[in-house]
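Subject: The structure, and what turned up in it

Hi,

Here is the structure I promised to pass on.

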Amino acid sequence: MTATIEPVARVKTFDGWQYTIEHASEACGCPMRFAIYMPPQAEHHEVPVLYWLSGLTCTEDNFMTKAGAQRYAAECGIALVAPDTSPRGLGLPGEDDSYDFGTGAGFYVNATKEPWSKHYHMYDYVVHELPAFVEEHFPVIAGKRSISGHSMGGHGALVAALNEKGRYASVSAFSPIVAPTQVPWGEKAFSGYLGEDREAWKAYDACELVAKGDNPIPLLVDQGLDDVFLKEQLQPERLEEVCNAQGHSLQLRRHEGYDHSYYFIATFMGDHVYYHAEKLRST
């Protein structure tokens with residue numbers, strides 16, 4: 001980490017360092033926070049990065065404190081980066097009225113509808129600005145990046161990887177919202193951030209992007225079958241169907257007894273870190 005960055009917090013774990021960073025975001029027009037874990041290997045050489053996008057209501061802390069990912073990242077020599085899920089404290093009308101829109105619910109889109117269009121540019125932030133900032137200020141390998149996420153963040157990870165051909169070595173997701181244009185969470189967020197033009201929504205829908213066939217990046221998805229949001233909001237069968245139709249590589253692993261929580265994520269986190277580590281080594 002360069003001397004020009006002053007961390008909000010720092011703690012050692014698994015012989016690496018966990019930081020919370022606040023910085024001025026041009027994309028969002030306000031201060032943004034992210035958490036970053038630098039494995040012990042970063043003391044000696046640059047390392048690749050796995051970006052994690054969290055779900056509704058989360059901050060930059062939830063993944064780092066609950067997923068247990070640092071153990072595997074230290075073993076594999078991979079940095080972990082988890083941004084916040086939205087701008088905060090802007091005083092926008094309605095930003096704190098519900099858990100699934102506004103604060104903690106940026107949905108990783110570039111908002112085009114006022115008043116959100118001035119600050120809620122989470123797609124540009126996580127895909128472009130944040131990696132550029134990390135690569136400037138931390139000992140990471142420029143361009144060596146993968147992406148993953150959970151629920152709303154699983155949606156964000158799939159959309160980022162499918163939209164940005166060649167930008168990520170690999171992508172995975174836990175319990176993702178795979179067809180946000182077709183489910184209540186996505187319809188609420190997209191109409192609020194993007195307006196009523198449903199054609200514009202398709203740029204942020206993993207199923208629609210797979211159907212276009214522009215980017216064959218393989219997908220790894222884990223889904224708990226006791227997830228209370230499975231039938232109404234997540235509907236992984238939609239992704240399975242379009243991947244089968246397009247011949248798009250998809251590992252969709254369904255797990256009996258697991259729910260939507262970090263108990264589920266922590267159980268299979270090692271599989272995902274190892275998956276990304278292998279892909280990052282081969283690119």
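Phe 107 sits in the loop between strand 5 and helix 3. Helices here are DSSP runs of H or I with at least four residues, strands are runs of E with at least two, and both are numbered from the N terminus. Before going further, please keep in mind that this is a predicted model: local features need pLDDT of at least 70, side-chain atom pairs count only at pLDDT 80 or more, and totals for chains, interfaces and linings use all residues. Residues are numbered from 1 along each chain as its sequence is written, and side-chain values use heavy atoms, with hydrogens and water left out.

Back to Phe 107, which counts as buried because its relative accessibility is 0%. (Buried means under 20% relative accessible area, exposed over 50%, and partly exposed in between, with a 1.4 Å probe and protein chains only.) Its backbone is worth a look too: Phe 107 has a positive phi of about 60° although it is not a glycine. Leaving out residues up to four places away in sequence, Phe 107 touches Leu 56, Asp 100, Met 152, His 155, Ile 177, Trp 185, Gly 186, Ala 189, Phe 190 and Tyr 193; contact means heavy atoms within 4.5 Å.

**Aromatic rings**

How many aromatic pairs does a search of the whole structure find? The count is 19. Rings of Phe, Tyr and Trp (its six-membered ring) pair if their centres lie within 6.5 Å; planes under 30 degrees apart are stacked, over 60 edge-to-face, and the rest tilted.

One of these pairs is Phe 190 with Trp 201, edge-to-face at 5.8 Å centre to centre and 75° between the planes. Phe 190 belongs to helix 5 (residues 184-194) and Trp 201 to helix 6 (residues 198-201), so the pair ties together parts that are 11 residues apart in sequence. Both Phe 190 and Trp 201 are buried.

Tyr 258 and Phe 268 also form an edge-to-face pair, with 5.2 Å centre to centre and 70° between the planes. Tyr 258 lies in the loop between strand 9 and helix 10 (262-281) and Phe 268 in helix 10, so this pair ties together parts that are 10 residues apart in sequence. Tyr 258 is partly exposed at 28% relative accessibility, whereas Phe 268 is buried at 12%. Tyr 258 and Phe 268 belong to one aromatic cluster with Trp 52, Phe 63, Phe 174 and Phe 264.

**Ser 172 and its partners**

Ser 172 is in strand 7 (residues 171-174) and is buried, with 0% relative accessibility. Which side chains make polar contacts with that of Ser 172? One is the side chain of Ser 148, at 2.8 Å, and another is that of His 276, also listed at 2.8 Å. A polar contact is a pair of N or O atoms within 3.5 Å; within protein, one must be able to donate a hydrogen and the other to accept it, and residues adjacent in sequence count only if both atoms are side-chain atoms. Beyond its neighbours within four places in sequence, Ser 172 is in contact with residues including Ile 147, Gly 149, Ala 157, Leu 220 and His 272.

**Cysteines and backbone**

You will find 0 disulfides in the structure, a disulfide being a pair of cysteine sulfur atoms within 2.5 Å. For Cys 30, the nearest cysteine sulfur is that of Cys 28, 5.2 Å away. Cys 30 is buried, with a relative accessible area of 8%. The sulfur of Cys 58 is too far for a bond, because the closest cysteine sulfur, in Cys 28, is 17 Å away.

Finally, the peptide bond from Glu 114 to Pro 115 is cis, with omega near 0°. Thr 57, which is not a glycine, has a positive phi of about 75°.

Best wishes
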